[in-house]
Every structure is written in structure tokens, then in C-alpha cells.
Amino acid sequence: MIKTIDISKTFKIKYKVIKAVDDVSFEIERNTAGALVGPNGAGKTTVIKMLSTLIIPSSGDAIVNGYSITREEKKVRESIGLVTVSERLFYYRLTALENLVFFASLQNLSLSDARRRAREVLEIVGLSEWENIPYMKFSTGMQRKLALARALITDPPVLLLDEPTLGLDPLSARMFRDLVRRIGRDKTILLTSHYMKDIEELAEKIILLKKGKVIAEGNKENLKNYLGKVIEVEVNEYPLALGKYVVETSTNYYILRIPEKELDGLKDYRVIKEEEPSLEDVYIFLIGD
Ligand code: ADP
Ligand code: MG
């Protein structure tokens, strides 16, 4: 289980104060997956960093696997596996196996246990064949799998995945999602992503963040029902505020994909079709500027 309770984080740079996370409360039930969704700068990474005890909240608290991130940091750290996108995650010249044995040995495992566990997690993520290849020869997709393997060394009940498919080609991203789904059956997962595909396929609960605040949350159905139908219309002009709904521009007309409840913002339109909303439609309605 992951639960945040009015958690906030303020950064001060010189005289500027940034409320990166502003009184955020949400809950991800045990053995389910939730996603933090929102534009760049929304505060997603800051939430993940607080949950993984890398930074301390300015106020509020969170419970991860039953432990408080402010009072039981050590227990929280033992409960989580963290995957982030960063250049310096592994030793470039060491092989996949050597890297994992190194990180496993930091977990108080004997060398033989560390080696056994490293091989197990390589198997889980499908990298066994590549165990003797130096990290620097790995593709981005393989690097991400290795990062996941590392997060799994202690078989933690909670996985925190910050933009796990960032920079992956569509096929690698799909394979990574399948992997997360398979591993995630008996884990509580919180991921962040810009890709609606990740969210559609992985998240049972969605938390939309904008400027550090939760602006909507629910499962896919709740959010889609909330939006209602979307209509594709052809128009000759549209008010600037509806620009986020433009899906096609031609020399003398525009196609807008617009929620039914926003239609009265248009003066003249010709309906092309009416559809159930996608999560992307929800995102654009709530977040797009
Ligand atoms: P996201 O992951 O959703 O893109 P972040 O959590 O990285 O957003 O950032 C939220 C806000 O906090 C941004 O305005 C960012 O510039 C700011 N921020 C994040 N980390 C720091 C930091 N260490 N110092 C100052 N500002 C930061
Ligand atoms: Mg981020």
C-alpha cells in the first residue's frame, strides 16, 4: 500500500520559492498499480523521490508498505525498488552480472547469494543471455530492464517507476510494459509517465497532477465517464482557448476532437463523429493548455 497524506515539498532557490508538490493525498491499494500523470514540472518525480526517502517532505507524510517515510525511512527503503531514468545507474565497463552482483552485495548478501540473486533477477527481466555483456553495450531498452532487475534484487513489495518507458522505442516500451505487468501481480506499483499507453495498460488508479496539485483521480472508467462523449467536428474557426482540441489543420478548415460539454464554445460546426473518450482526451481536457 502507498498512501500520501497532505504531502508537500517546497524548494527555495535564492529568493524564489517553488511549491513542487502541494498538499497531495492519494492512496494506491496493496498489490495494485497506480500512475501519476501530468505535464513536465507537475511534481511527479518529487513525489517519487519523497516516497523513496531521497528527499524529505516540507510537510505531510506518506505510508509505504505500512511505514512512515518521515519516521521509518529505513523500513521504507527496505520495502521499495526504484527505477528512474538517469545516466549514472550502473558501472559502464562492468557486465550486467557484475553490476548486479555488486548491487546485491550491498544488501548484506554473501558473494554466492549475491551471485545467485543477480542471476535470478536477470532471468526475470529476460537478460540472462546478456549477463556477460558490459553495460555500455546495452541498448536503452536493455538498460531499463537491467534497472528493473536491480530494483528487484530484494524482492520488494513496492515498486516506484519514474518514467520507466521514457526514450524506449514502441516495441521495447511494449515489452517493458508486459514485464511490469507480469512482475507486478504481487506488488504495489506507482509509476509516472507521459504515455497514455503506459497508463491504459498498467494503471488501475490514475492521479492527475498539475502544478503540484491533484486535479483528478480515479480509475480509467471514472475519468472517462467524467469527461463524457467526445465529438469530432469540422470548423472554419475556433476560439484560442479550444486550440488544444485541434487534431487536423487544413488550408480552409480545422478538425477538432472536443468533449461534448465544451461544444457550446464553438459557433458553427459540422459533426463528423461521436466517440467514447480515450484517456488522452481526459488528459487534454484537464491538463492541456
Ligand atoms: P515532473 O517530474 O512532474 O516533471 P518534478 O517533480 O521534477 O516534476 O518538478 C516539479 C517542480 O519542482 C518543477 O518546477 C521543478 O523545476 C522543481 N524542482 C524539482 N526538483 C528541484 C530541486 N532539487 N530544486 C529546485 N527545484 C526543483
Ligand atoms: Mg519527472
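Which elements each supply at least two residues of the lining of the largest cavity?

1. The model is predicted. In it, the elements that each supply at least two residues of the lining of the largest cavity are strand 9 (205-210) and helix 9 (279-286). Helix 9 accounts for the largest share of this lining, with three residues.

2. The lining of the largest cavity consists of V37, M196, I206, L208, L223, L279, V282 and Y283. The volume of the largest cavity is about 40 Å³, and the count of cavities of 30 Å³ or more comes to one.

3. Ligand 1 is a separate site to check. The residues around ligand 1 are F11, I13, I18, A20, P39, N40, G41, A42, G43, K44, T45 and T46. By class, this shell has six nonpolar, five polar and one charged residues.

4. Polar contacts to ligand 1 involve both backbone and side-chain atoms. An oxygen atom of ligand 1 lies 2.7 Å from a polar backbone atom of G41, and an oxygen atom of the ligand is 3.1 Å from a polar backbone atom of A42.

5. On its own, ligand 1 has 560 Å² of accessible area, of which the protein covers 65%. Strand 1 (2-13), strand 2 (16-28) and helix 1 (44-51) are the elements that give two or more residues to the shell around ligand 1. The largest share, three residues, comes from helix 1.

Definitions and conventions. Residues are numbered from 1 along each chain as its sequence is written. Chains are lettered from A and ligands numbered from 1 in the order in which they are written. This is a predicted model: local features need pLDDT of at least 70, side-chain atom pairs count only at pLDDT 80 or more; totals for chains, interfaces and linings use all residues. Side-chain values use heavy atoms; hydrogens and water are left out. A residue is near a molecule or strand if one of its heavy atoms lies within 4 Å of it. A polar contact is a pair of N or O atoms within 3.5 Å; within protein, one must be able to donate a hydrogen and the other to accept it, and residues adjacent in sequence count only if both atoms are side-chain atoms. Accessible areas come from the Shrake-Rupley method with a 1.4 Å probe; for residues, only the protein chains shown count as cover. Helices (H or I, at least four residues) and strands (E, at least two) are DSSP runs, numbered from the N terminus. Ala, Val, Leu, Ile, Met, Phe, Trp, Tyr, Cys and Pro count as nonpolar, Asp, Glu, Lys and Arg as charged, and the others, Gly among them, as polar. On a 1 Å grid over the protein atoms alone, a cavity is a set of points where a 1.4 Å probe fits but cannot get out, and a pocket is an open set with protein on both sides within 12 Å along at least five of seven lines; lining residues have an atom within 4 Å of a point. Grid points are joined across faces, edges and corners, and a volume is the space filled by probe spheres set on the points.
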